[in-house]
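Student: I would like to learn how to read some features of a structure. Please take me through them one at a time.

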Amino acid sequence: MLERFARLNLLYDFYGPLLTERQRRFMELHYQQDLSLGEIAATSGVTRQAVYDTLRRAEAALEEYEEKLGLAQRFMTLKERIETTMRLVDGIPGCGEAAAELRRIGSMLGG
């Protein structure tokens with residue numbers, strides 16, 4: 001479940017602006033503010049089923065965007081490569097400047 005949650009948040013970071021306003025709002029309330037479907041329904045004046053359906057459509061759209069564009073996968077691959085390179089460079093004497101630059105880049109990627 002946590003893995004799915006993390007994946008949806010990553011996909012939302014990349015493709016959230018492509019969702020409808022309603023989909024974005026419900027995704028943020030459910031996945032970022034941890035509100036239940038019932039709580040979202042009550043504050044939005046819709047049924048719980050409407051919230052569920054909107055979230056499922058949003059999740060499907062995010063997965064479809066990722067399938068077509070692959071931005072999140074490319075990001076994760078780049079991040080892993082930088083982390084691996086950072087570990088390798090840290091072990092080489094005299095490469096302190098390169099290691100520092102890799103750490104800077106890694107921190108920009110959230111690592």
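Tutor: We will go through salt bridges, then a helix, then a cavity. Keep in mind that this is a predicted model.

Student: How many salt bridges are there, and by what cut-off?

Tutor: The test is a side-chain nitrogen of Lys or Arg within 4 Å of a carboxyl oxygen of Asp or Glu. By this rule the count is six salt bridges.

Student: How exposed are E21 and R24?

Tutor: The scale calls a residue buried under 20% relative accessible area and exposed over 50%, with partly exposed in between. E21 has 48% and counts as partly exposed. R24, with 22%, is also partly exposed.

Student: What separates E59 and R56 in helix 4?

Tutor: About one helical turn, because they are three residues apart in that helix, residues 48–69. The side chains of E59 and R56 meet in a salt bridge of 2.6 Å, N to O. E59 is buried, at 6% relative accessible area, while R56 is partly exposed at 29%.

Student: Which residue forms a salt bridge with R104?

Tutor: That residue is E101, and the closest N and O atoms are 2.6 Å apart. R104 and E101 are three residues apart in helix 6 (residues 96–108), so about one helical turn separates them. R104 is partly exposed with 41% relative accessible area, and E101 is partly exposed with 35%.

Student: Which residues do salt bridges with shared partners join into one network?

Tutor: R4, R56 and E59 are joined in that way.

Student: Which residues of helix 4 are buried?

Tutor: Look for residues under 20% relative accessible area. In helix 4 these are A50, V51, T54, L55, A58, E59, A61, L62 and E66. Viewed down the helix axis, the buried residues of helix 4 fall within an arc of 165°, so they line one face.

Student: Which exposed residues are on the face turned away from the buried side of helix 4?

Tutor: E67 and K68 are the exposed residues carried there.

Student: Last, the cavity. How many cavities of 30 Å³ or more does a search of the whole structure find?

Tutor: A cavity is a space where a 1.4 Å probe fits but cannot get out. The search finds one cavity of 30 Å³ or more, and the largest cavity holds about 30 Å³ of space.

Student: Which residues line the largest cavity?

Tutor: The lining consists of L8, N9, Y12, M27, E28, Y31 and Q32. Helix 1 (2–15) and helix 2 each supply at least two lining residues. Helix 2 gives the largest share, four residues.

Student: How does that lining divide by class?

Tutor: The lining of the largest cavity has four nonpolar, two polar and one charged residues.

Technical notes. Residues numbered from 1 in each chain as written. Predicted model: local features only at pLDDT ≥ 70, side-chain atom pairs only at ≥ 80, totals over all residues. Heavy atoms only, no water. Buried < 20%, exposed > 50% of the residue type's maximum accessible area, 1.4 Å probe, protein only. 1 Å grid on protein atoms, 1.4 Å probe; cavity = no way out; pocket = protein on both sides within 12 Å on 5 of 7 lines; lining within 4 Å. Points joined across faces, edges and corners; volume = space filled by probe spheres on them. Nonpolar A, V, L, I, M, F, W, Y, C, P; charged D, E, K, R; others polar. Arc of directions from axis to C-beta.
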